[in-house]
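Take a moment to turn the model around before reading on.

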Amino acid sequence: MRVWVTVPTYEEAENIEVLVRRIRDALPDAAILVVDDNSPDGTADKAEALGADLGNVHVLRRPRKLGLGSAYRAGHAAGIARGYDVMIQIDADLSHDPADLPRLLAAVERGADLAIGSRYVEGGSAPHWPKRRLMLSRYGNIYSSFVLRMTVKDITAGYRAYRATILAEIHFETTQSTGYGFQVEMAYRVVQAGGSIEEVPICFTDRVRGTSKMSSRIVAEAMALVTWWGIRDGVKRIGRKRD
Ligand SMILES: Nc1nc2c(ncn2[C@@H]2O[C@H](COP(=O)(O)OP(=O)(O)O)[C@@H](O)[C@H]2O)c(=O)[nH]1
Ligand SMILES: [Mg+2]
């Protein structure tokens, strides 16, 4: 299968080179796309220089910080337009270990439409995460799975591999989330479309260099959207029962 790896970046100049090299080591034939939102620290220039050296590394430069969801939409769309079979997304801050890429890909090759690198299945972990972040993530997951009636353990995880056909089927380009809610929205759509999801255990190591772009606004957006989808689809279910 031809693999397209999207790396969203905002101020990851300290991480991008190590990350891209490790992706290349793990999946030598995969194409890599860095989607950079005009990082002031010159991340895009670094990625471009690296691409000239390694080959098959592309850079999409966007004019300003447009959000993580929007970066993934652009990255996956570029891979689909070029006819790739599997679209992978991985954070640039080395919290997702590229050495896990073959296992993620293998899950799709075995038949999964979406493989999620999961912290919350057996064998998964997030050992160095500050307690506050871990709690936020745990509660976010519990809330989302309750409201959306999903059994996925790590719905907010950003380390993923999608089969191209499922992306087309769920019309991923029409998703609404600008931030982290994108992960939930996409997993929810896959389930609604009858797609299969496999959670692959990973050890999530928190970033060592650079700073997190997580903000309370992003959390609020995700919570509001999840609540809205839950209500909207709950009303639809009741309507169907009445008919
Ligand atoms: N292109 C782009 N990348 C982003 C944006 N926000 C975050 N990222 C990237 O998305 C990934 C996850 O963000 P991070 O700050 O590590 O979030 P955290 O792991 O939840 O603390 C990293 O690779 C960031 O550089 C954005 O607005 N645009
Ligand atoms: Mg991070």
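## A sheet and its helices

In this predicted model, Met 87 has Tyr 162 of strand 6 as its bridge partner. That pair belongs to the antiparallel pairing of strand 4 (residues 86-89) with strand 6 (residues 160-163), which runs over four bridges.

Zooming out, the sheet is open and has seven strands in the order 3-2-1-4-6-5-7, with mixed pairing. Strand 3 (57-61) and strand 7 (197-201) are its edge strands, each pairing on one side only. From one strand to the next, the twist averages 20 degrees.

| Helix | Strands touched | Angle |
|---|---|---|
| Helix 2 (residues 43-54) | strand 1, strand 2, strand 3 | about 155 degrees with strand 3 |

Which residues of helix 2 are buried? They are Thr 43, Ala 44, Ala 47, Leu 50 and Gly 51. Because these residues cover an arc of only 125 degrees around the axis, they sit on the same side of helix 2. Their packing partners are strand 1, helix 1 (16-26), strand 2 and strand 3. On the other side of helix 2, Ala 49, Ala 52 and Asp 53 are exposed. Just after helix 2 comes Gly 55, with a positive phi of about 80 degrees.

Technical notes:
Residues are numbered from 1 along each chain as its sequence is written. Chains are lettered from A and ligands numbered from 1 in the order in which they are written. This is a predicted model: local features need pLDDT of at least 70, side-chain atom pairs count only at pLDDT 80 or more; totals for chains, interfaces and linings use all residues. Side-chain values use heavy atoms; hydrogens and water are left out. Two strands pair if DSSP finds at least two bridges between them. Helices (H or I, at least four residues) and strands (E, at least two) are DSSP runs, numbered from the N terminus. Axes are lines fitted to C-alpha atoms, for helices over the stretch in contact, and angles run from 0 to 180 degrees between N-to-C directions. Contact means heavy atoms within 4.5 Å. Buried means under 20% relative accessible area, exposed over 50%, partly exposed in between (1.4 Å probe, protein chains only). The arc is that of the directions from the helix axis to the C-beta atoms.
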